[in-house]
Amino acid sequence: MTDELLLAIENRVAVITLNRPDKRNALSPQMIEAFHAYLDQIDADDQARVVCLRAAGEKAFCAGADLGGGLAGAPDDASSPPRRYAALLGRMAGFGKPIVAKVGGPCLAGGTGLMLASHIVVARADVYFSLPEVNVGIFPFMVGALLLRNVLWKKALEMALTGRKVGAEEAERIGMITSAVAPEDFERHVDGLLGGLSGRSPVGMRLGLEAFRRLIDMPLEAGLQDLSLTLLKAAKTDDAREGVMAFLEKRQPNFTGK
């Protein structure tokens with residue numbers, strides 16, 4: 001494992017920290033592989049119910065790929081860093097535990113992909129997002145797949161073609177992030193969100209995340225039928241029974257993830 005990416009699990013929250021502040025937390029091949037390994041560990045750990053993705057320092061949340069770190073590779077090589085990065089984005093988007101991106105600094109290029117692949121994104125209101133790949137003769141290819149699932153087509157194309165900076169408040173308006181929060185309220189807001197999610201039913205959240213992801217490519221009627229079946233499945237869990245009993249008894253539920 002590398003010290004460029006850190007993992008700590010405490011109070012049911014798994015915190016993944018991008019730890020290259022001197023390089024604006026740019027992604028190295030080692031960080032990408034460590035990220036995959038950490039997701040394996042978190043998925044298998046019943047004590048980890050929610051993931052917080054954060055970054056060391058305030059210069060940048062993530063500046064994207066480390067262009068000087070050898071991220072090139074053969075197109076047919078599934079182990080090349082670009083292919084492994086693409087796999088990481090897909091895995092994050094489909095992860096069975098909520099991933100909250102805590103964006104406290106500028107977020108660029110491939111860093112925007114990490115943010116978009118997260119389920120909830122909270123950013124300080126004074127940060128910005130940018131896709132500057134066009135300035136070096138390429139394009140935000142993998143990031144674009146996620147961008148088009150979050151914002152309107154023409155907004156996504158404008159960002160990709162111009163590389164302009166999008167402030168956090170605009171990013172919230174166009175659906176790119178969940179919330180833009182004033183700097184003085186940022187830490188408290190994120191802590192409250194993580195605390196709330198860590199107390200939810202793990203099995204309920206996993207079933208819900210899986211169902212919502214399936215809905216993206218489903219017609220309405222098929223989606224409704226799929227969701228009705230998932231509801232019946234969720235209702236048979238111990239957590240659902242505990243949640244209903246706690247509601248009736250006017251107490252806090254004790255979810256076990258079963």
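Buried means under 20% relative accessible area, exposed means over 50%, and partly exposed lies in between (1.4 Å probe, protein chains only). The model is predicted, so local features need pLDDT of at least 70 and side-chain atom pairs count only at pLDDT 80 or more, while totals for chains, interfaces and linings use all residues. Side-chain values use heavy atoms, with hydrogens and water left out, and residues are numbered from 1 along each chain as its sequence is written.

**Exercise 1.** Determine which parts of the chain the salt bridge of E33 and R84 ties together.

*Solution.* Begin with the contact: the side chains of E33 and R84 meet at 2.8 Å, N to O, where a salt bridge requires a side-chain nitrogen of Lys or Arg within 4 Å of a carboxyl oxygen of Asp or Glu. Next, place the residues: E33 lies in helix α1 (residues 29-44) and R84 in helix α2 (residues 81-93), so the pair ties together parts that are 51 residues apart in sequence. Helices here are DSSP runs of H or I with at least four residues, and strands are runs of E with at least two, numbered from the N terminus. Finally, consider accessibility: E33 is partly exposed at 37%, and R84 is also partly exposed, at 24%.

**Exercise 2.** Classify E187 and K102 as buried, partly exposed or exposed, and locate their salt bridge.

*Solution.* The closest N and O atoms of E187 and K102 are 2.6 Å apart. This pair links helix α7 (residues 183-198), which holds E187, to strand β4 (residues 99-103), which holds K102, 85 residues apart. With a relative accessible area of 43%, E187 is partly exposed, whereas K102, at 12%, is buried.
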